[in-house]
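Please keep the sequence and the 3D view at hand while reading.

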Amino acid sequence: MFPIIIGEGSERDPRSIPLSTRDSTYIPNYRRPEDSPEVLREAVKMFKTDHEAAKLRSSSSTYNCVGHLFAARRTWVESDHLLTILERDGYSPFQDVQKLWVGDMVVYENPQGETTHVAQVTEIQLDVEVGGRKVIVLSKWGVYGEYLHELLDVPSRLGKPKAFWTERHEV
Amino acid sequence: MTASEAMNDIERLKFAVNVGLANSFRAFLRNINSEPSVSELLVLAGSREVALDVLKRLVSLSRLRVDFRYLNRFDVPMATYLWVLSRTFPELARAGAEATADLPRTWWADQVCGYILGDWSQKPAASTSAGVTIMSGDLTNVNTTNVAATTSRFSIEPLPGFETSKESSQVKSDADESSEVRYTEENGNGAVPTYTTNSASKSLAEPQ
């Protein structure tokens, strides 16, 4: 269960929106104000230097990575809630990167073992140079832009891939 | 690095971008704690005189005009100053939080204020929440378990790094009104405020 909800972000907070998991558990959320264009531009500039290959899709600070994938970019959901959401939405974890497929989720963790980030696989490319696969994901980098990037190509503060989750059903 | 230099660094856009790489309040606190300028300021703010300067600067920032279309440009610096004060002089942190708690268009600062003022920390613990153990008051030693169950914005659990005052003493924020805020351009990256404070300013009211 989610912890007891007090104050901001609760169902009674007019700044939150109705948002629930598949089993109708309320997901605490909060609509964040937009950052000024100068802040967003600075972020784009800094990330372009450090992550040249990452492609910016959109730049807005009103939602985060969890809000992007589980609230259709409408609101901010703390990453601390991510694992609970995945479980209650019927996702199953797996570790084998070879089994990753389009639509699966990649959960990132920091060295302290805290969930820091989530991305969704958008493309699996053949990497002829190494004879392997290149996993391309779409994710929201903290307060800043939404980027299309390789699995490992994220700012270090967003952590490293720790587990993969899928809701695929085989028939 | 002097306290003034540290504060100027904290108010740069680059700092805001670096620490804004966070998808939770907990991650934000870790980010500010790992910034060199914050580490410097934490040490310097062990002195009450410097801590008072930090509080004055915080109050000065809180009085700047806000463009209501956007988040307060100084949301991150205000949150950082509150956090630094909470680690060094909790009573000053409380004064700062009371001065900034009702500011519009803030995000991180709003959350730090909420915590300092005890909106969540004084509530009874939820049985489903995992504990957060603070060892030596250092974020690098914080032991957190069950990330799905430990939350920040919505949790009543204590957060790492905070030294919140348990008393609900009323501290009047009475910072120096004559502090000056001036702006200089920083390589085209937007206005960066630099400050001078009046050394003959009124001292802050002491906590009861």
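Seven bridges join strand E4 (residues 115–127) of chain A to strand E5 (residues 132–140) of chain A, and the two run antiparallel. This is a predicted model, in which local features need pLDDT of at least 70, side-chain atom pairs count only at pLDDT 80 or more, and totals for chains, interfaces and linings use all residues. Residues are numbered from 1 along each chain as its sequence is written, while chains are lettered from A and ligands numbered from 1 in the order in which they are written. Helices (H or I, at least four residues) and strands (E, at least two) are DSSP runs, numbered from the N terminus; two strands pair if DSSP finds at least two bridges between them.

**The sheet of chain A**

- Strands of a sheet pair through backbone hydrogen bonds, in either a parallel or an antiparallel manner.
- Chain A holds an open sheet of seven strands with antiparallel pairing, in the order E1-E6-E5-E4-E3-E7-E2. Its edge strands, each pairing on one side only, are E1 (55–59) and E2 (92–94) of chain A.
- From one strand to the next, the twist averages 30 degrees.
- The bridge partner of A:Lys55 in E6(A) is A:Leu148.
- Strand E3 (residues 105–109) of chain A pairs with E4(A) over five bridges, again antiparallel. Here A:Val107 stands opposite A:Val118 of E4(A).
- Five residues lie between the strands in the hairpin of E3(A) and E4(A), where A:Gly113 takes a positive phi near 85 degrees.

- Most residues other than glycine have a negative phi.
- A:Ser24 is a residue other than glycine with a positive phi, near 75 degrees. A:Ser24 is found in the segment before helix H1 (37–50) of chain A.
- A:Ser24 is exposed, with 7 other C-beta atoms within 10 Å. The C-beta atoms are placed from the backbone, and a residue is buried if 20 or more others lie within 10 Å of its own, exposed if 12 or fewer, and partly exposed in between.
- A:Ala72, also not a glycine, has a positive phi near 50 degrees. A:Ala72 is found in the loop between helix H2 (65–70) and helix H3 (82–88) of chain A, and is exposed, with 10 other C-beta atoms within 10 Å.

**Helix packing in chain B**

- The axes of helix H5 (residues 48–62) and helix H6 (residues 75–88) of chain B come within 10 Å and cross at roughly 150 degrees. Axes are lines fitted to C-alpha atoms, for helices over the stretch in contact, and angles run from 0 to 180 degrees between N-to-C directions.
- H5(B) and H6(B) are therefore roughly antiparallel to each other. Angles under 35 degrees count as roughly parallel, over 145 as roughly antiparallel, 65 to 115 as roughly perpendicular and the rest as oblique.
- Residues that make this contact include B:Leu58 of H5(B) and B:Tyr81 of H6(B); two residues are in contact if their C-beta atoms, placed from the backbone, lie within 7 Å.
- The contact of H5(B) with H6(B) comprises eleven nonpolar, two polar and one charged residue. Ala, Val, Leu, Ile, Met, Phe, Trp, Tyr, Cys and Pro count as nonpolar, Asp, Glu, Lys and Arg as charged, and the others, Gly among them, as polar.
- The axes of helix H4 (residues 36–44) of chain B and H6(B) come within 9 Å and cross at roughly 40 degrees. H4(B) and H6(B) are therefore oblique to each other.

**A buried helix in chain B**

- Nine of the nine residues of helix H8 (residues 108–116) of chain B are buried, so H8(B) is largely enclosed by the rest of the structure.
- The cover over the buried residues of H8(B) includes helix H3 (25–33), H6 and helix H7 (90–100) of chain B.
- After H8(B) comes B:Gly118, with a positive phi near 80 degrees.
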